[in-house]
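Please look through the sequence and the model below before reading on. The paragraphs that follow go through backbone angles, a helix and its surroundings, and charged pairs.

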Amino acid sequence: MQQPALPRRRHILAGATGLAMGVVLRPASAAVGDLAVAVAAYTRGAPVRAGKVKLDVAELVDNGNVVPITVTVDSPMTAADHVKSIAVFNEKNPQRDVARFTLGPRAGKASATTRIRLATSQQLVAVAQMSDGSYWSHTVNVIVTLAACIEGEP
């Protein structure tokens, strides 16, 4: 009989399945410029100016697993002049788009608070879209002493 062929076939199938799972489950590595690409995709290529936005995050973070952030935008939040959305992007996490918030004039205050994970020391950018179509931003460099999200790191 040809039984030795079956175990080899099973080993090949098991190996191929394991390889495929490793490729599917491993996060993509960060490439230089991905942050700018993510911001440009959000703004659809519109220019982004510095100002009006304040990203409040500690510049030295002890633990990257839970990093509190608050984004506030200087806006009267009236029907004629309000913040439509706020997005937060990061430089080195597997996914650049960290958080998005949709606002309107009835929000009363242009502010959003959440907690995020940071893989390592990196740049964070908060971008606000105003009702007039303009985009404003604030960038903060954050140093993380105990990294999170490091599954894909060597």
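**Loops, a helix and salt bridges**

Methionine 77 is placed in the loop between strand E4 (67–73) and E5; helices (H or I, at least four residues) and strands (E, at least two) are DSSP runs numbered from the N terminus. This is a predicted model, in which local features need pLDDT of at least 70 and side-chain atom pairs count only at pLDDT 80 or more, while totals for chains, interfaces and linings use all residues. Residues are numbered from 1 along each chain as its sequence is written, and side-chain values use heavy atoms, with hydrogens and water left out.

Methionine 77 has a phi near 55°, a positive value in a residue other than glycine. With a relative accessibility of 6%, methionine 77 counts as buried; buried means under 20% relative accessible area, exposed means over 50%, and partly exposed lies in between (1.4 Å probe, protein chains only). Lysine 52, not a glycine either, has a positive phi of about 60°. This lysine 52 sits in the loop between strand E1 (48–50) and strand E2 (53–56), and at 38% relative accessibility lysine 52 counts as partly exposed. A positive phi, near 55°, also occurs at arginine 44, which follows H2.

Which residues of H2 are buried? They are Leu35, Ala38, Val39, Tyr42 and Thr43. Viewed down the axis of H2, these buried residues fall within an arc of 130°, so they line one face of the helix; the arc is that of the directions from the helix axis to the C-beta atoms. An α-helix has 3.6 residues a turn, so residues three or four places apart point the same way. The face of H2 turned away from the buried side carries the exposed residues Ala36, Val37 and Ala41. The cover over the buried residues of H2 includes E1, E5, E6, strand E8 (122–130) and strand E9 (135–146).

The structure holds 2 salt bridges, a salt bridge being a side-chain nitrogen of Lys or Arg within 4 Å of a carboxyl oxygen of Asp or Glu. One joins arginine 96 to aspartate 34, with the closest N and O atoms 3.4 Å apart. This pair links distant parts of the chain, 62 residues apart: arginine 96 lies in the loop between strand E5 (83–90) and strand E6 (97–102), and aspartate 34 lies in helix H2 (residues 34–43). Arginine 96 counts as buried at 10% relative accessibility, whereas aspartate 34 is partly exposed at 26%. Another salt bridge brings together the side chains of aspartate 97 and arginine 100, at 2.7 Å from N to O. Aspartate 97 is partly exposed, with a relative accessible area of 32%.

Methods:
Contact = heavy atoms within 4.5 Å.
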